[in-house]
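Reader: Hi, I'm new to this one. Can you walk me through it?

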Amino acid sequence: MPWRRRPEKAMMGARRGRRAPPSVPPDRSGWIVERSLRAVVDLRVKLGRLSLKNPVLTASGTFGYVREMAGFVRLERLGGVVPKTVTHRPRAGNPTPRTVETRAGLLNAIGLDNDGIDHFREHHLPYLRTTGTAVIANIAGEDEDQFVAMAASLGDEPGLAAVELNVSCPNVSHGLDLGIDAAAVGRLVRRVREACPLPVIAKLTPNVTDVVAIAAAAAEAGADAVSLINTVRGMAVDWRRRRPILANDVGGLSGPAIKPIALRIVWDVARALPTLPIIAVGGIADADDALEFLVAGASAVQVGTASFYNPAAAEDVLDGIARALDETGVAAVADFIGTARSNRE
Amino acid sequence: MSDASCPSRALMRPAATVLENREVARDTFRLRLGDPEIARRILPGQFVMVRGAAEGTDDPLLGRPFALYEVQRDESGEPVSFDVVYLVIGRGTAALSRRKPGDRVAVWGPLGNGFGPSPGSGSALFIAGGIGQTPFLALGRDWLGRASYGDRPKPESETPVDSATLLYGVRSAGLLAGVEDFERAGIGVEIATDDGSAGRLGFVTQLLADRIQAGERPAKVVACGPPPMLAAVARLAQAHDIPCDVSLENHMACGFGACFSCVTPILQDDGRPDLRRVCVEGPVFPAHRVDWSRPSH
């Protein structure tokens, strides 16, 4: 039966351009059945040691601790979820206002408000294990040792698919600044890999001169993937009050406004480091956005700020990808990733 | 912070139909959305997020929170639509005010906890400042036993209040919105304006202080409005042992607990403040639980 073809083969491009048969596969995990079961698209992707049933994830800090979203999204359909960043100790976060809307964008300075890793392990992980999707814990340490200790302690926990290192939050000082230093990122990734058996993803900042150099250091150190990009530093001012609007003065910009920045960075990194899997994040709100990132070189996408104004956005993106690839005659998303070519070649 | 609650009964409606969007006072609009299922579920004090953006556009990006104003029913009593009333204060509400009947907007809800059951016999006093009157029409009708909301039956044991009165303060008479709606619902209305153009000259909190001074002891005081007004109401109620709830209007990005924008310090059992999300743990809190010593946005 056609659907029993091995997916590994599909991912190597063997089925490129061929249409899948009009049948329902016996095991639907990893397959999306669209339009009255007329056709199927293989949506499975592999990023280093991390295998996902489809390329649609949610971005840390935009999906709460996941349970907030359960009423809006069929979580088990998603490729994975990334809960809000966890730190070693509880953090109160920044004063309010913590967010302000800008043109087609959102500035935030939440400041990693969270109850710490012990609470995460005891309170959130048991729920997250029941969601039926890959759970990627996003962690931030104040220094390298804290990152390593946190990753090591999560490595013993069942039910986690990977850890994502937040070396790029723009809203807290000390420690997270290591994300602007390629050597420091490389050292951190290497130590986390030694201390933690889970796949390791480094989430990088766009607020540097050369993201490629930092991604290269992560790749060299054995990162399974990089997430590109965290928010872009920015601010909003109320001229009447002669004050910045955010209590923290400055924050990180997200939403559709930053999509072109994210696309350019994904493109650059994909071309410079073709073997490094990329998770794209930055302004992805619909399937077209996601497909642009996939064709530019990302192996998966994270839906972020869009979830704030369409809490079902991640599922909409997933449905839209399957429909568009089916209509385009792409049988497996893995064949589609990174297939955009430069106009200058 | 915690995750004591999450909006498990909320619905995402990417394209709810605008049935009506009419200016009812200066810069103040009454928006009617044709979504029977949200109308059927929503309770007084709960809110919905509505995007002002034209369908399919990215700007303004986010939704804005609006309290339930009223639910409309068909001849058989089935909910068919619901109203919110909003003041145009920024780009989001300005865009929303441009939506016409037949347009479609994204809406999600119902969100938040709502006011809860009637305090029983006695009177209810609602204190509203600015656009804070909006949750009290449905609440008054509910507590007076003249309407019921939500899809779960009211407990038989719930006793309606004997009377409900809205003390309504605005800057100027032109901003008074829907006074006749309250009166038609059997809710008394007493007005205060900052400029004396209607009702009493001065703050609405003075109306409350005068009533308490005269010996009135309502079964419950409920307030919604600017934080300094809420703090004043909370002080008065506490000083006279009157049960008091407040509905907070903190700035929100998502409305369902994901973004952590709307946090405010809420006093815990040990008396210490802890940041809680107004959207999922509120917007209604017992006044004595709110930490009035700290600014909140």
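Predicted model: local features only at pLDDT ≥ 70, side-chain atom pairs only at ≥ 80, totals over all residues.

Reader: OK. How many helices and strands does chain A have?

Author: Nine helices and 19 strands.

Reader: And what share of chain A is buried?

Author: Buried residues account for 62% of its 345 residues.

Reader: What do the contacts look like along the sequence in chain A?

Author: Take the contacts between residues at least 6 apart in sequence. Of those, 70% join residues at least 24 apart.

Reader: Let's do helices. How is a packed pair described?

Author: By two things: the angle between the axes and the distance between the axes.

Reader: Then how do H3(A) and H4(A) sit?

Author: H3(A) covers residues 144–155 and H4(A) covers residues 182–195. Their axes come within 9 Å and cross at roughly 30°.

Reader: What do you call that arrangement of H3(A) and H4(A)?

Author: Roughly parallel. Angles under 35 degrees count that way, so roughly 30° qualifies.

Reader: Is the crossing of H3(A) and H4(A) left-handed or right-handed?

Author: H3(A) passes H4(A) in a right-handed crossing.

Reader: Which residues meet there, between H3(A) and H4(A)?

Author: H3(A) brings Glu144(A), Asp145(A), Phe147(A), Val148(A), Ala151(A) and Ala152(A). H4(A) brings Arg187(A), Leu188(A), Arg191(A), Val192(A) and Ala195(A). By class, the contact of H3(A) with H4(A) has seven nonpolar and four charged residues, and no polar ones.

Reader: Next pair. What's the geometry of H5(A) and H6(A)?

Author: H5(A) spans residues 211–220 and H6(A) spans residues 259–272. They pack at an angle of about 50°, with their axes 10 Å apart. That angle makes H5(A) oblique to H6(A).

Reader: Which hand is the crossing of H5(A) and H6(A)?

Author: Right-handed.

Reader: Which residues of H5(A) and H6(A) make the contact?

Author: From H5(A), Val211(A), Val212(A) and Ala215(A). From H6(A), Ile265(A), Asp268(A), Val269(A) and Ala272(A). In the contact of H5(A) with H6(A), six residues are nonpolar, one is charged and none is polar.

Reader: New topic. Which residue has a positive phi of about 80° without being a glycine?

Author: Val66(A). You'll find Val66(A) in the loop between strand S5 (56–58) and strand S6 (80–81) of chain A.

Reader: Is Val66(A) buried or exposed?

Author: Buried, because the relative accessibility of Val66(A) is 0%.

Reader: And what is the phi of Arg242(A)?

Author: Positive, about 55°, and Arg242(A) is not a glycine either. Arg242(A) lies in the loop between strand S15 (237–238) and strand S16 (243–244) of chain A.

Reader: Buried or exposed, for Arg242(A)?

Author: Exposed: Arg242(A) has a relative accessible area of 75%.

Reader: Over to chain B. What joins Asp59(B) and Pro60(B)?

Author: A cis peptide bond, with omega about -5°. Pro60(B) is in the loop between strand S3 (47–51) and strand S4 (63–67) of chain B.

Reader: And what's the peptide bond from Gly282(B) to Pro283(B), cis or trans?

Author: Cis, with omega near 10°. Pro283(B) is in the loop between helix H7 (278–281) and strand S16 (284–286) of chain B.

Key. Residues numbered from 1 in each chain as written. Chains lettered and ligands numbered in written order. Heavy atoms only, no water. Axes fitted to C-alpha atoms, helices over the stretch in contact; angles between N-to-C directions. Helix = DSSP H or I, 4+ residues; strand = E, 2+ residues; numbered from the N terminus. Parallel < 35°, antiparallel > 145°, perpendicular 65-115°, else oblique. Left-handed = near helix turned anticlockwise from the far one by under 90°. Contact = heavy atoms within 4.5 Å. Nonpolar A, V, L, I, M, F, W, Y, C, P; charged D, E, K, R; others polar. Buried < 20%, exposed > 50% of the residue type's maximum accessible area, 1.4 Å probe, protein only.
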